[in-house]
Amino acid sequence: MSDARDSPKLNMEHGFMQSIIKNQVDRDEYDKEQKLLKVHDKISGAARQRTKRPTIQTYVPPHLRAKASNNEQNHGTSATPAKVDSPLPASESWEDPSTLAVPAEQSVIPVRMKLEFVRKDGKVQELDIHEGEDVEKVVNSFGRANGLDAKLRDALYRQISRALNGRPS
């Protein structure tokens, strides 16, 4: 038993062992630094604003382009424009302002009434009733575009007619 206690042990003072210990200490310090950098990046990364991609333009079919341009002019409303019985030639469309080539004195049609309609989904639709328009046709097309049934369209027409008849032209 005395031989086992007196057996040679690993000499920790040897240069080779000291370099191993130094490498282990250096590796531990490096790992600690890396963990701190990751934590710091996570914290600063959350505060950093990410750049967003620009909005993608969506395809608008040709038959809807006139409506889209009218909607942009109406500040984002999606009401379908009503046709106007106006002195404009039949070749010029009121729904497509890009095709209008009308002199300035003919392009201004006085508005008899402006109506704001709030739909069930909260969107506000605007309806302008111009001088010389058939009010019933305009109200019916506006009502269909906004999902009103026949009774509600008829009630809206009667209400607008009363308001227009009560006003001096």
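Exposed means over 50% relative accessible area, buried means under 20%, and partly exposed covers the range in between. These words are used in that sense in the legends below, which describe close-up views of a predicted model.

View 1. K22 is exposed because its relative accessible area is 52%, and exposed means over 50%. D26, at 35% relative accessibility, counts as partly exposed.

**View 2. L10, M12, I21 and V25 form a nonpolar patch on the surface**. Taken together, the four residues of this patch have about 360 Å² of accessible area. V25, one of them, is found in helix 2, and its relative accessible area of 40% makes V25 partly exposed.

View 3. K114 counts as exposed, at 62% relative accessibility, whereas D128, at 27%, counts as partly exposed.

**View 4. The largest nonpolar core is made up of 12 residues**. Its members are M113, L115, L127, I129, V135, V138, V139, F142, L148, L156, I160 and L164. Two or more residues of this core come from each of strand 1 (111–118), strand 2 (124–130), helix 5 (135–145) and helix 6 (150–165), and helix 5 gives the most, with four residues. In soluble globular proteins, nonpolar side chains tend to be buried together. For V135, one of the core residues, the contacts beyond its neighbours within four places in sequence are with I129, Y157, I160 and L164.

**View 5. F117 and F142 form an edge-to-face aromatic pair**. The structure holds one aromatic pair, and in this pair the rings of F117 and F142 are 5.9 Å apart from centre to centre, with 80 degrees between their planes. The pair links distant parts of the chain, with F117 in strand 1 and F142 in helix 5, 25 residues apart. F142 is also a member of the largest nonpolar core, and at 2% relative accessibility F142 counts as buried.

**View 6. N146 is a buried residue in the loop between helix 5 and helix 6**. The relative accessible area of N146 is 11%, and N146 is therefore buried. When its neighbours within four places in sequence are left aside, N146 is in contact with F117, R119 and Q125. Of these residues, F117 belongs to the aromatic pair with F142, while the side chain of R119 takes part in the salt bridge shown in the next view.

**View 7. The side chains of R119 and D121 meet in a salt bridge**. The distance from N to O is 2.8 Å in this salt bridge. D121 counts as partly exposed, at 48% relative accessibility, and R119 is in contact with N146.

Methods. Residues are numbered from 1 along each chain as its sequence is written. This is a predicted model: local features need pLDDT of at least 70, side-chain atom pairs count only at pLDDT 80 or more; totals for chains, interfaces and linings use all residues. Side-chain values use heavy atoms; hydrogens and water are left out. A nonpolar core is a set of buried Ala, Val, Leu, Ile, Met, Phe, Trp, Tyr and Cys residues joined through side-chain atoms within 4.5 Å. Buried means under 20% relative accessible area, exposed over 50%, partly exposed in between (1.4 Å probe, protein chains only). Contact means heavy atoms within 4.5 Å. Rings of Phe, Tyr and Trp (its six-membered ring) pair if their centres lie within 6.5 Å; planes under 30 degrees apart count as stacked, over 60 as edge-to-face and the rest as tilted. Patches are made of residues with over 30% relative accessible area and no salt bridge: like charges are joined within 9 Å, nonpolar side chains (Val, Leu, Ile, Met, Phe, Trp, Tyr) within 5 Å. Accessible areas come from the Shrake-Rupley method with a 1.4 Å probe; for residues, only the protein chains shown count as cover.
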